[in-house]
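Me: Hey, I'm new to this one and would like a quick tour. Can you walk me through what's there?

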Amino acid sequence: MPALLNSFLSPATPTLKICGITTASDAERLAELGVDALGINFWDQSKRYCPPQTASEFLPALANRILRVGVFVNADPSLPRQLLADGLVDVVQFHGDEDLPYCQAFAEAQLPFIKAVGVAEESDLPSALRYPACALLLDAHAPGLYGGTGQTIDWTAVARFLAGGATPPVILAGGITPENASAALRSTGACALDVASGAESSPGTKDFAKVRALLAAVRNGGNNAD
């Protein structure tokens with residue numbers, strides 16, 4: 001795996017991904033602040049959609065400064081493969097209904113990917129282990145929306161899932177804000193937080209006061225009071 005991805009997924013220190021970046025200026029500010037990862041949404045039905053051509057204008061300058069995650073929903077696999085090959089993204093995130101054969105093809109080609117799983121109830125979690133992913137991203141179950149809803153999932157269920165052992169690194173998403181980020185880390189033991197709506201003033205526009213507060217909570221390892 002790329003070095004930045006290894007660092008992002010390390011269990012030693014919690015990390016932060018800010019998702020739904022749509023502008024070069026927001027991407028640059030995240031890198032300057034030391035945020036660990038950013039997500040670019042290449043699903044054209046998202047409120048946070050960033051066209052590949054637009055992203056290609058600013059992603060190259062961020063290489064080796066911040067982990068660049070390309071987010072896809074039921075995409076033709078040629079698109080994530082091409083963006084990886086072009087060096088525009090470091091890892092891809094499948095946030096739709098991608099099935100096991102779809103994911104296995106990337107694993108067999110040694111292409112790094114994160115698989116997002118919508119969690120409606122605790123029984124949804126064990127099936128996530130079938131994906132040969134670098135990491136699992138656990139998000140709220142939102143049929144047709146595929147994330148960014150601001151809804152939380154059952155953190156105690158996530159904690160039990162992780163306590164069972166033999167899981168890949170787990171990234172927690174869904175309804176995370178500056179106010180609950182510390183509790184999210186403490187409650188679950190996830191290696192990273194993924195935040196979209198909780199770091200925004202409006203969809204696709206980041207609020208950097210919120211970003212700084214989220215980063216402070218993560219850097220403190222979830223130990224600061226909420």
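This is a predicted model: local features need pLDDT of at least 70, side-chain atom pairs count only at pLDDT 80 or more; totals for chains, interfaces and linings use all residues.

Me: Got it. Which residues is Leu138 in contact with, leaving aside its neighbours within four places in sequence?

Reply: The list is Val117, Val119, Leu125, Ile153, Val158, Phe161, Val170, Ile171, Leu172 and Ala173. Leu138 also shows up in the largest nonpolar core, as one of the residues with the most contacts inside it, along with Ile18 and Leu59.

Me: How many residues does that largest core have?

Reply: The count is 60 residues. Helix H8, which spans residues 208–219, gives the most to this core, with 6 residues. There's also a second, separate core of 19 residues, and Ala116, Ala135, Ile171 and Ala173 are among its members.

Me: OK, what about the strands? What do they close into, and in what order?

Reply: A barrel: 8 strands close up in the order E1-E2-E3-E4-E5-E6-E7-E8, and the pairing is parallel. From one strand to the next, the twist averages 25°.

Me: Can you zoom in on one pair? How many bridges join E4 to E5?

Reply: E4 and strand E5 (residues 113–119) run parallel and are joined by 3 bridges. As an example, Val92 has Phe113 in E5 as its bridge partner.

Me: And which strands does H4 lie across?

Reply: Helix H4 lies across E3 and E4, and it runs at about 160° to E4.

Me: Is Arg68 buried or exposed?

Reply: Arg68 is buried, because its relative accessible area is 4% and the cut-off for buried is under 20%.

Me: So what's around that side chain? What lies 3.0 Å from one of its polar atoms?

Reply: That would be the backbone oxygen of Gly87. Not counting residues up to four places away in sequence, Arg68 touches Leu38, Leu59, Pro60, Leu62, Ala63, Gly87, Leu88, Val89, Asp90 and Val91.

Me: Asp90 is on that list. Which atom of Arg68 lies 2.8 Å from a polar atom of the Asp90 side chain?

Reply: The backbone nitrogen of Arg68. Asp90 sits in the loop between helix H4 (78–85) and strand E4 (91–94). Asp90 counts as buried too, because its relative accessibility is 15%. With neighbours within four places left aside, Asp90 is in contact with Pro2, Ile66, Leu67, Arg68, Leu84 and Pro112.

Me: Cysteines next. How many disulfides does the structure hold?

Reply: The structure holds 0 disulfides. For Cys103, the nearest cysteine sulfur is that of Cys134, 11 Å away. Cys103 is buried, at 0% relative accessibility. Cys191 is in no disulfide either, and the nearest cysteine sulfur to Cys191 is again that of Cys134, 11 Å away. At 9% relative accessibility, Cys191 counts as buried.

Me: Positive phi, OK. What's the phi of Asn74?

Reply: Near 50°, a positive value in a residue other than glycine. Asn74 is in the loop between E3 and H4, and at 39% relative accessibility Asn74 counts as partly exposed.

Me: Last one: what about Gln110, buried or exposed?

Reply: Gln110 is exposed, because its relative accessibility is 73%. Gln110 is in the loop between helix H5 (100–108) and E5. Its phi is positive as well, near 60°.

Conventions. Residues are numbered from 1 along each chain as its sequence is written. Side-chain values use heavy atoms; hydrogens and water are left out. A nonpolar core is a set of buried Ala, Val, Leu, Ile, Met, Phe, Trp, Tyr and Cys residues joined through side-chain atoms within 4.5 Å. Buried means under 20% relative accessible area, exposed over 50%, partly exposed in between (1.4 Å probe, protein chains only). Helices (H or I, at least four residues) and strands (E, at least two) are DSSP runs, numbered from the N terminus. Contact means heavy atoms within 4.5 Å. A polar contact is a pair of N or O atoms within 3.5 Å; within protein, one must be able to donate a hydrogen and the other to accept it, and residues adjacent in sequence count only if both atoms are side-chain atoms. A disulfide is a pair of cysteine sulfur atoms within 2.5 Å. Two strands pair if DSSP finds at least two bridges between them. Axes are lines fitted to C-alpha atoms, for helices over the stretch in contact, and angles run from 0 to 180 degrees between N-to-C directions.
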